[in-house]
Amino acid sequence: MNGLRLLSVDLNSPHLRNWKGCDHWIRSRIMDLRKRTKQKIQAEERCGGNKLMTTTRSYVLPKDKGKGDGGDDVSAFAESNACSCSGIRSWCPWRRCISMAAGLLLAGLLGLAQACCVNAIHENLLWFSQLMEVQREISFRTECGLYYSYYKQMLQAPSIQQGLSDLINDNLTESRRTINLLQRMNIYQEVFLSLFYRLLPIQTYLEPIYFYIYTVFSLQAVYVIALYLTAWLLSGSWLAGALAGVWYILNRIDTTRVEFTISLRENWSLPFLALQVAAITCYLRPQLSILQQVTTLYLIQVSSLLSVWLLQFCNSMILGSLVLSFIVAVLFIRHCQTGLKTGNLLTRLIKLLLHSIMVLLLTFTINYLTKKALRLQSDEHIFKFIWSKFGLGPTRDFDASLYLCEEAFGLLPLDTLERLAASFLLYPYILTLLLLCGTLAAGAVKNLSRRSSGSAEEKNEVVELGEHSVLTVVRPDVAYNMMHTLFFGLVAFSTMRMKYIWTGHMCAVAAYGLCGTEVWTLILTVLRCNSKTLIRLLRYSVPLVLMACLYYKFWPKLKEELSELREFYDPDTVELMTWISSKTPQHAVFAGSMQLLAGIKLCTGRVLTNHPHYEDKELRDRTKQVYQVYAHRSPQDIHEILLSLGADYLVLENSICYERRHRRGCRLRDLLDLDNGHIMDGPGDNDPDLVAASHPRFCEAIKMDLAEYISLFTRTFENKTFHVYRVKKKRRKSTKSWSESSGTQ
């Protein structure tokens, strides 16, 4: 009923009281008319006729007309707005049930199609079903292998209790440290999956690795269904949900990367984020009348964060999160600062600006004090990255440079927008965003300029467009999704890797724009050809024609992609993992790159010095120390570093030592040289404060088998990609002799 003007008549008007013989009839007639109009609106809403904006005429009983004219006006209004309510009651529930059943069935089919699609592509990329177990595990690259290793560890444990105990008191992930993995990392997914696999009677016909990947692919079905429901709730038509699901599947390159990064946390979190957006959209569908509905959402978010904090053994990083500080700041400022809607428009705008500034200042103040009190440094590398990205911080910081030099953390490339435009997704999205954000802004200005004690008539904000009027009361669920997609878009444009939280929601917003009534109403009103019949024709015909075009354009490409067969091929890594499993002690400690060590832990179960889960200050320091093997350092320095970390073996990779993938200044060896104050290799400029290194690059010099290297390291394995060296331990006698000679000198 947003913005719909009901019949506005003052029953105590002297004009009505002076109408002899008609007073009682007119009063009863008007009350009956209001009741029937309300019933009609409710029936239309139940049948999916919710509208954000409506073009209406104002029917007001004239004050200066005679009896006959007044009676005709009331009768005409009654005839124009009356509907066969008995007919609606008889067939609308059945129609609604059938439509809902068909919509839910289609949602399930689209979700199933997405899950089957990514599973087929994953199988075709690797020929996964024909791989050996070690090859399957190697396919879990970088941190994916680390997360999956805990699922494997839980399954190999003699009991559930022992498995949980090993995770809580883990001394394999980081050498010479015992850490609580359930506190440090978000791996409850792996824990619950291992429990389900143990308890469900599926071990005889489903391998553990397939149970894991099928679960992740099933979450893609949940993701599509959540987007489908969001578009359906916004537009009132499940045709919008179908279009959103089709767009998500066809834009798979830009909406998900699950088929080759199965274990990444985003593949677990994004489906539930989409479900949260759908749930909040459903919650906000009724017209908000009091702020306590919004307060409920804030409290739910706080409760969820505190629940995660408890489940992760009081992880201080959650208490130091910006979102928690923001919610506390918002609730506090809103409680203290009242009277925002008093005064003229300029006064209200100034108050709103001050309110926003106070919220932001209090947010950062609370966050800063919380981190100082908890001595929290786990996420400081994220802020270093942000400051450096926008030129607000040092550009030589090693941790920040690791992110800045990766393409995934750069700006969103333009070819992404070209692909989205090729699937006809970008244009309706931009049109919907511009029109509805403009409407939202106009409604906000009207709301700010409205008197706080205005009547019900004044609370219907209207933008005049010629002879027509378009109500600009934006539904709370629409406003919420508009703000969401704007924020997601800004994050995606700033960091390419974050585009996956935007493109999925983008599908739902664009589908809502085409299948809802709001955008068409605005367009047709401007064109002076607005009618319910034309709006209904457009909101159903245009999506159907668009889906036909998408089928004609993309179905052959999709069939070709699903039929393309490839094969996993990485013999050097397979050879390395096989050698480690068979030729090294079970508790040997390995040092190397973060990405490789995650695979070593998964495939061999050996102890690591460092790993890709970067949210720990001490681990970041460890990683930089281990990476000195690719810098200009003496063999004695490297030997001391590795011994301090308890390393037994060092794995060097030619792909890092002789890296050519990144430009000069972004290669790992360049980042280490800059951090150490050394001049970078190769032609190019160097900062004036950099000096030439006094030692050769360790990863290159050790291969020359010089005496000073052989005395500290022994080569134990070698192939085209990897070189493994055993770190010799210091002998007590040698240490004593060195001490005596030093004392003599």
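Predicted model: local features only at pLDDT ≥ 70, side-chain atom pairs only at ≥ 80, totals over all residues.
Guide: A crossing counts as left-handed if the near helix is turned anticlockwise from the far one by less than a right angle.

Visitor: Why are H21 and H22 called oblique to each other?

Guide: Helix H21 (residues 426-449) and helix H22 (residues 476-494) pack at an angle of about 120 degrees. Roughly perpendicular covers 65 to 115, and roughly antiparallel needs over 145. The pair is therefore oblique. Their axes lie 11 Å apart.

Visitor: What makes the contact of H21 with H22, by class?

Guide: Tyr-429, Leu-433, Leu-436, Cys-437 and Leu-440 of H21 meet Val-478, Ala-479, Met-482, Thr-485 and Leu-486 of H22. That gives 9 nonpolar residues, 1 polar and no charged.

Visitor: Which way does H10 pass H23?

Guide: The crossing is right-handed. Helix H10 (residues 208-235) packs on H23 at about 35 degrees, with the axes 8 Å apart. Among the contact residues are Tyr-223, Leu-227 and Ala-231 of H10, and Gly-504, His-505 and Ala-508 of H23. By class, this contact has 9 nonpolar, 4 polar and no charged residues.

Visitor: Which residues touch the most other members of the largest nonpolar core?

Guide: Leu-243, Trp-247 and Trp-502 do, in a core of 59 residues. Helix H23 (residues 500-515) gives the most to this core, with 12 residues.

Terms used:
Residues numbered from 1 in each chain as written. Heavy atoms only, no water. Core = buried A, V, L, I, M, F, W, Y, C linked by side-chain atoms within 4.5 Å. Buried < 20%, exposed > 50% of the residue type's maximum accessible area, 1.4 Å probe, protein only. Helix = DSSP H or I, 4+ residues; strand = E, 2+ residues; numbered from the N terminus. Axes fitted to C-alpha atoms, helices over the stretch in contact; angles between N-to-C directions. Contact = heavy atoms within 4.5 Å. Nonpolar A, V, L, I, M, F, W, Y, C, P; charged D, E, K, R; others polar. Parallel < 35°, antiparallel > 145°, perpendicular 65-115°, else oblique.
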